[in-house]
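Thanks for coming, everyone. I have one model to walk through today. Please bring it up on your screens.

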Amino acid sequence: MADTQQVDARAERKAAKLAREISAFSKAHGGAEGQVAYIGERGARIVLVGEDGGWGDLVAPTYAIAEQAVEKAGITRHESFDGEFAAKVKTGSYEWKRMAGIQIGG
C-alpha cells in the first residue's frame, strides 16, 4: 500500500511540474494548445503551440501523467497533430536550415 501511495505522490508532483511549465509557455506565447503523443517506453510527448506560432515540447514519463498535466494547465488538447493544428506553427530560418541539413546529410 505504501508503495502505491509513493508512486501516486511522485506522479502527482511530476504532473504538477509539467503543468507549471505548460502554463508558463502559454503565458509567454499569448495562450497555447497541445497534443499528447505516446512515444513508447520513454513516455509521452506533449507538443505545445502558442497563439503567436511559437512551439515547443515536453516529455512526461507516462501518457497518464502527460494527460493530467495538460488538464491541470487548462489548455485546449487536440487528439492529433492534424493540418489545422500544425498550420498554427511558425517556423523560422533556423528550422528550415536544420531540416534541409538533415536531408542533405548535415
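From the N terminus on, the protein chain runs α-β-β-β-α-β-α-α. That comes to 4 helices and 4 strands. Both are DSSP runs, numbered from the N terminus: helices are H or I with at least four residues, strands are E with at least two.

Some ground rules. This is a predicted model, where local features need pLDDT of at least 70, side-chain atom pairs count only at pLDDT 80 or more, and totals for chains, interfaces and linings use all residues. Residues are numbered from 1 along each chain as its sequence is written, and side-chain values use heavy atoms, with hydrogens and water left out.

Now the sheet. The 4 strands form an open, mixed sheet in the order S3-S2-S1-S4. Strand S3 (55-60) and strand S4 (76-78) are at the edges with a single partner strand each, so one side of each has no neighbour in the sheet. Neighbouring strands are turned by 25° against each other on average, direction ignored. Pairing requires at least two bridges found by DSSP between two strands.

Take the pairs. S2 and S3 are antiparallel, over 6 bridges. There, Ala-44 stands opposite Ala-60 in S3. The hairpin of S2 and S3 has 4 residues between the strands, and Gly-53 takes a positive phi near 95° in it. Strand S1 (residues 32-38) pairs with S4 in the parallel sense, over 3 bridges. Gly-34 has Arg-77 as its bridge partner in S4.

What lies across the sheet? Helix H2 (residues 63-73) lies across S1, strand S2 (44-50), S3 and S4, at about 170° to S1. Axes are lines fitted to C-alpha atoms, for helices over the stretch in contact, and angles run from 0 to 180 degrees between N-to-C directions.

Side chains in a regular strand alternate between the two faces of the sheet. In S3, Gly-56, Leu-58 and Ala-60 make up the covered face, while Trp-55, Asp-57 and Val-59 make up the uncovered one.

Next, Ile-46, in strand S2. Is Ile-46 buried or exposed? Ile-46 counts as buried, because its relative accessibility is 0%. The cut-offs: buried is under 20% relative accessible area, exposed over 50%, partly exposed in between, with a 1.4 Å probe and protein chains only. Beyond four places in sequence, Ile-46 has contacts (heavy atoms within 4.5 Å) that include Ile-22, Val-36, Leu-58, Ala-66 and Val-70.

Last, the whole chain. Of its 106 residues, 30% count as buried.
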